[in-house]
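Please read the following explanation alongside the sequence and the coordinates. It goes through strands, helices and cores in turn.

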Amino acid sequence: MIVVKRKPFEEIKTMLKDYKKVLTLGCGTCVAVCLAGGEKEVGILNAELSMARKIDGNPIDLGATTLERQCDMEFLDELENVVDEYEALLSMACGAGIQFLAERYPNKPVLPAVDTTFIGANRDVGWYEEKCRSCGSCVLGWTGGICPVTMCAKGLYNGPCGGTDNGKCEIHQDQPCAWFMIYERLAAQGRLDLIMEFQPITAWQNQKPRTLVQPGYEKQKEAG
Amino acid sequence: MKSGSNLEKVLEAGHFAFTGELGPPRGTNAEEVREKAQHLKGNVDMVNITDNQTAVVRMSSWAACLILIQEGLEPNFQMVCRDRNRLAMQADILGAYTHGVRNMLCLSGDHCMFGDHPDAMGVFDIDSIQLVNMVKTMRDEGKFQSGGDIEDPPKIFIGAAANPFAEPYEWRVHRLAKKINAGVDFIQTQCIYNMDRFRKWVKQANDMGLTEKVYILAGVTPMKNVGMARYMQKKVPGIEVPEKVIDRLKGVGKKKVADEGIKIACEQIEEFKEMKGVHGVHMMAIEWEHMVPEIAERAKVLPRPKV
Ligand code: SF4
Ligand code: SF4
């Protein structure tokens with residue numbers, strides 16, 4: 001899932017300072033699961049903002065809606081009849097959702113209430129770990145299911161480097177060395193041969209904006 | 001000859017190599033480089049010039065290499081993967097070669113967070129083993145990574161580092177084998193203090209036939225004081241300092257610690273001279289360049305061969 005983190009309250013408050021009527025928009029997918037931008041978090045943020053603005057003597061009128069997905073035009077259409085009532089839209093979706101919202105309602109200022117942080121997994125309730133940098137050319141098949149692009153601090157393809165220290169990465173004692181883990185897992189599986197070969201230079205797939213049309217859907221794209 | 005560098009000639013002729021190291025200044029003072037170089041001149045076969053060492057900005061490695069050449073010393077251009085992408089790397093290799101650089105050391109580089117710009121983006125477009133292969137492709141095939149032809153390809157003697165002290169130990173020789181497959185000509189190891197571990201590593205490399213395919217220069221850094229030994233033990237990633245080394249330094253009077261450090265280094269060098277699979281020593285007397293003449297003298301590696 002895409003993991004996001006709510007922006008510091010003061011930053012959000014400053015972004016909203018010139019507006020008196022704002023619609024806060026949650027998203028029901030990733031950001032709800034990672035406990036940062038779902039219906040509940042929209043309610044909490046609005047309550048905090050209302051309170052703070054009241055204390056400042058500059059009250060704000062905040063609406064609240066949580067869409068099923070902000071990264072899907074179909075769900076954004078639902079807002080058509082309400083957006084005009086607001087001066088600005090405050091989105092708690094990931095960066096993709098926020099941009100789609102801004103594209104769908106180009107006349108409205110659209111503001112981010114969260115920082116999109118990473119593609120990650122749920123280690124425990126409220127605890128997430130980055131797992132993938134969407135490099136576009138997945139190597140997990142020969143790295144024992146551990147991503148060197150994301151988990152190795154230098155993104156090495158021919159690790160481990162000389163800084164690995166008793167299984168820890170040179171950057172921090174709390175950070176496991178990805179390549180140490182790759183080695184251990186492949187050794188246990190008897191598949192070390194996979195990393196004995198020299199891995200040539202990577203053809204990076206993520207250096208320009210990417211568009212993807214799944215096979216079978218090309219016609220639809222052409223039709224616009 | 002792959003490059004015709006002095007180091008290559010010394011090693012090819014079967015001499016025991018002795019190389020030095022010099023860190024460029026954090027500014028524009030060329031005199032500082034010249035002064036450090038004077039201590040090394042005639043006492044080493046070649047001098048490594050560090051590249052933004054420990055992720056701290058300094059005069060660029062290639063620029064300091066040129067000063068060394070002007071001073072009549074042979075530099076070893078260190079290049080880390082942290083600060084440049086493949087375009088900048090290939091461009092710098094061409095430029096440095098054009099100005100007379102004949103050796104390179106290909107490194108990953110310490111992570112930015114260790115240095116003076118901890119928020120910088122680490123480039124790592126390619127890794128150190130891929131860099132080795134890139135230089136080899138440029139030299140032997142006359143090709144850029146794009147496949148395009150290089151006019152008058154750069155003839156570089158290609159070096160890389162090895163750390164026999166990082167876990168998993170069993171992996172270390174395989175990593176060495178990988179570097180050999182990628183095209184490395186010589187290896188300079190991490191500073192050695194744990195001789196047992198190093199002997200095992202060299203033996204494994206001998207058994208696998210690796211030391212016949214690559215020159216190994218054993219890394220030596222004499223301890224100046226107990227504080228330095230402790231710091232290396234606790235703080236420097238990838239360096240292992242056994243307690244007994246520290247005990248030995250502590251065991252002599254305060255004024256004699258530096259001397260004892262040199263004594264330990266000389267004993268190591270004597271052993272390396274006899275060790276099968278070791279072809280020389282890389283002396284990293286960091287910010288201690290003025291001691292190199294004395295160290296070289298006491299290590300009995302003088303005079304340096306003229307080849
Ligand atoms: S290699 Fe890593 S970054 Fe690339 S797709 Fe696979 S998990 Fe994601
Ligand atoms: S210590 Fe391990 S995870 Fe850290 S940079 Fe080196 S290889 Fe990567």
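Predicted model: local features only at pLDDT ≥ 70, side-chain atom pairs only at ≥ 80, totals over all residues.

Chain A contains an open sheet of four strands in the order E3-E2-E4-E5, with parallel pairing. Its edges are strand E3 (61–67) and strand E5 (110–112) of chain A, each of which pairs on one side only. Direction ignored, neighbouring strands of this sheet are turned by 25° against each other on average.

The pairings can be followed strand by strand. E2(A) and E3(A) run parallel and are joined by seven bridges; within E3(A), A:Asp61 is the bridge partner of A:Lys21. E2(A) also pairs with E4(A) in the parallel sense, over four bridges, and here A:Leu25 stands opposite A:Ser91 of E4(A). Strand E4 (residues 88–91) of chain A in turn pairs with E5(A), again in the parallel sense, over three bridges. In that pairing A:Leu111 of E5(A) is the residue opposite A:Leu90.

Helix H5 (residues 95–104) of chain A touches E2, E4 and E5 of chain A, and its direction makes about 170° with that of E5(A). Helix H3 (residues 39–55) of chain A lies across strand E2 (21–27), E3 and E4 of chain A and runs at about 170° to E3(A). How many of the seven residues of E2(A) are buried? Six of them are, so E2(A) is largely enclosed by the rest of the structure.

A residue of chain A outside these elements gives a contrast in exposure. A:Asn166 is placed in the loop between helix H6 (148–151) and strand E8 (168–169) of chain A. Is A:Asn166 buried or exposed? Its relative accessibility is 55%, and because the cut-off for exposed is over 50%, A:Asn166 counts as exposed. Its C-alpha atom is separated by 9.1 Å from that of A:Pro176, which is 10 residues away along the chain.

In chain B, the account also starts with strands. Strand E4 (residues 103–107) of chain B pairs with E5(B) in the parallel sense over four bridges, with B:Gly159 in E5(B) as the bridge partner of B:Leu105. Strand E5 (residues 157–162) of chain B is mostly covered, five of its six residues being buried. Strand E6 (residues 186–191) of chain B and E7(B) likewise pair in the parallel sense over four bridges; in E7(B), B:Ile216 is the bridge partner of B:Ile187.

In a regular strand the side chains alternate between the two faces of the sheet. In E7(B), B:Tyr215, B:Leu217 and B:Gly219 point one way, B:Ile216, B:Ala218 and B:Val220 point the other way, and all are buried. Because six of the six residues of strand E7 (residues 215–220) of chain B are buried, the strand is largely enclosed by the rest of the structure.

In soluble globular proteins, nonpolar side chains tend to be buried together. The largest nonpolar core here has 76 residues, among which B:Leu131, B:Phe198, B:Ile269 and B:Phe272 touch the most other members. Helix H5 (residues 128–141) of chain B supplies the largest share of this core, six residues. Leaving aside residues up to four places away in sequence, B:Phe272 touches B:Phe16, B:Ile192, B:Met195, B:Phe198, B:Ala218, B:Val220, B:Val278 and B:Val281. A second, separate core has 36 residues, including A:Cys27, A:Val31, A:Leu67 and A:Tyr128.

On the H8(B) side B:Val226, B:Ala229, B:Arg230 and B:Gln233 take part, meeting B:Glu243, B:Ile246, B:Leu249 and B:Lys250 in H9(B). By class, this contact has four nonpolar, one polar and three charged residues.

Helix H9 (residues 243–250) of chain B also packs against helix H10 (residues 257–274) of chain B, at an angle of about 135° and with the axes 9 Å apart. H9(B) and H10(B) are therefore oblique to each other. H9(B) contributes B:Val245, B:Arg248 and B:Leu249 to the contact, and H10(B) contributes B:Val257, B:Glu260, B:Gly261, B:Lys263, B:Ile264 and B:Glu267. These residues divide into four nonpolar, one polar and four charged.

Conventions: Residues numbered from 1 in each chain as written. Chains lettered and ligands numbered in written order. Heavy atoms only, no water. Axes fitted to C-alpha atoms, helices over the stretch in contact; angles between N-to-C directions. Helix = DSSP H or I, 4+ residues; strand = E, 2+ residues; numbered from the N terminus. Parallel < 35°, antiparallel > 145°, perpendicular 65-115°, else oblique. Contact = heavy atoms within 4.5 Å. Nonpolar A, V, L, I, M, F, W, Y, C, P; charged D, E, K, R; others polar. Pairing = 2+ DSSP bridges. Core = buried A, V, L, I, M, F, W, Y, C linked by side-chain atoms within 4.5 Å. Buried < 20%, exposed > 50% of the residue type's maximum accessible area, 1.4 Å probe, protein only.
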